[in-house]
Amino acid sequence: MKNYHIGIDLGGTKIEIAILDANLIPKYKKRLPTESAKGAEHIIRKISLLYEDAKESIKGASHSIGVGTPGSLCIDKGLMRNSNTLCLNGLPLKKLIEAKIQHEIYVENDANCFALAEAVMGAGKGHSLVFGVIMGTGCGGGFVINQSIRIGPQQIAGEWGHTVINTNGPECYCGKRGCVETYISGGGLEKILRENNIYHTTAEQFFNKKTFTEKDHIILNNFYANFGFALGNVINTIDPDIVVLGGGLSNHSGLYDAGKKLAYNKIFHEHPTTPIVKNMLGDSAGVIGAALLSRN
Ligand SMILES: [Zn+2]
């Protein structure tokens with residue numbers, strides 16, 4: 001058992017580090033911009049800088065390290081795939097970081113880290129099967145079963161963002177059409193806004209508008225309907241004890257009202273009860289989940 005658990009959240013815009021003590025109490029936190037345009041070597045150097053400072057704060061006491069990042073490492077060769085920090089794709093990320101910081105690390109998908117943090121310490125605490133959903137730039141998710149992440153032989157468990165809800169829908173970067181992500185992620189919604197001649201408005205700004213035009217209402221209602229379709233499918237498939245929403249769009253209250261009602265309409269039960277709730281750990285869930293990866 002290590003004295004401390006260090007988590008590193010390697011995102012497209014920021015790299016964050018946090019330390020939990022043996023009782024999982026957060027002790028330290030720091031972040032730096034990723035500056036991904038400067039390349040992989042630069043990113044790994046930044047991770048090393050953050051790590052050295054963090055290590056000093058615990059005077060070099062024994063610790064484990066987990067890294068959460070979009071995408072995953074393919075099992076056979078350990079090469080990064082599906083990261084939206086494109087310069088990392090195809091690289092043996094775990095080996096490169098370990099070589100730089102001279103310490104073993106665990107690497108896991110960031111949505112899985114979010115789900116783990118919420119299941120262990122957040123809104124999903126006390127529930128045996130937690131579906132953690134990320135609705136940010138993209139749309140990801142992760143299943144945590146009895147406080148362990150379900151990874152799966154292909155490491156795609158929880159990737160509901162790339163399930164298809166309309167075969168004639170918009171093209172997705174993954175090569176399919178009508179993926180959940182093209183409808184209910186921030187990026188997907190913003191594309192829909194542009195197609196409706198609504199420019200210079202982010203998804204979050206759209207939700208926070210003071211007054212809605214008729215067109216806005218149609219877009220919003222379609223958003224809720226697609227959220228309902230997508231989530232209803234997952235709930236019917238695995239019947240989680242709770243669904244915890246995270247990512248920038250999870251702050252939108254309509255998801256827990258109109259969105260939840262439409263999800264319930266799609267559930268194969270007369271009186272659905274699945275709680276659909278907002279996360280409790282906010283922005284910190286990713287880095288805390290990364291720290292929790294190696295807690296045992
Ligand atoms: Zn897709």
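Q: What do the buried residues of α5 pack against?
A: In this predicted model, they pack against three helices: α4 (181-184), α6 (203-207) and α7 (214-238). Packing here rests on contacts, that is, C-beta atoms within 7 Å.

Q: Which residues of α5 are buried?
A: Helix α5 covers residues 186-195. Gly-186, Gly-188, Leu-189, Ile-192 and Leu-193 are buried there. To be called buried, a residue needs 20 or more other C-beta atoms within 10 Å of its own.

Q: What does the face of α5 turned away from the buried side carry?
A: That face carries Arg-194 and Glu-195, which are exposed. The cut-off for exposed is 12 or fewer such neighbours.

Q: What follows α5?
A: Asn-197 follows α5, and its phi is positive, near 60 degrees.

Q: How do you know that strand β4 is mostly covered?
A: Count the buried residues in β4 (residues 63-69): seven of its seven residues are buried. His-63, Ile-65, Val-67 and Thr-69 point one way from the strand. Ser-64, Gly-66 and Gly-68 point the other way. In a regular strand, side chains alternate between the two faces of the sheet.

Q: What makes β1 and β7 partners of β4?
A: Two strands pair if there are at least two bridges between them. Strand β1 (residues 4-10) has six bridges to β4, in the parallel sense. Strand β7 (residues 106-109) has four bridges to β4, also parallel. Both pairs therefore pass the cut-off of at least two. Ile-6 has Ile-65 in β4 as its bridge partner. Gly-66 has Tyr-106 in β7 as its bridge partner.

Q: Why are β10 and β12 called edge strands?
A: Five strands form an open sheet in the order β10-β9-β8-β11-β12, with mixed pairing. Within it, β10 (148-149) and β12 (276-278) each pair on one side only.

Q: How many bridges join β9 to β10?
A: Strand β9 (residues 139-145) is joined to β10 by two bridges, and the two run antiparallel. The cut-off is at least two, so they count as a pair. Ile-145 stands opposite Ser-148 in β10.

Q: How do you know that the radius of gyration agrees with a compact globule?
A: For 296 residues, a compact globule would come near 19 Å; the protein chain has 19 Å, so the two agree. The C-alpha atoms fill a box of roughly 60 × 40 × 40 Å along the principal axes. Buried residues make up 43% of the 296 residues.

Q: What are the two domains, and how far apart are their centres?
A: Domain 1 is 4-112 + 284-292, and domain 2 is 125-279. Their centres, taken over C-alpha atoms, are separated by 27 Å. Eight residues from domain 1 and 11 residues from domain 2 take part in the contact. On the domain 1 side, β7 and α3 (110-121) are the elements that give two or more residues. By class, that side has three nonpolar, four polar and one charged residues.

Definitions and conventions:
Residues are numbered from 1 along each chain as its sequence is written. This is a predicted model: local features need pLDDT of at least 70, side-chain atom pairs count only at pLDDT 80 or more; totals for chains, interfaces and linings use all residues. Two residues are in contact if their C-beta atoms, placed from the backbone, lie within 7 Å. The radius of gyration is taken over C-alpha atoms; the globule rule is 2.2 Å times the number of residues to the power 0.38. Domain bounds come from an automatic or database domain assignment. Ala, Val, Leu, Ile, Met, Phe, Trp, Tyr, Cys and Pro count as nonpolar, Asp, Glu, Lys and Arg as charged, and the others, Gly among them, as polar.
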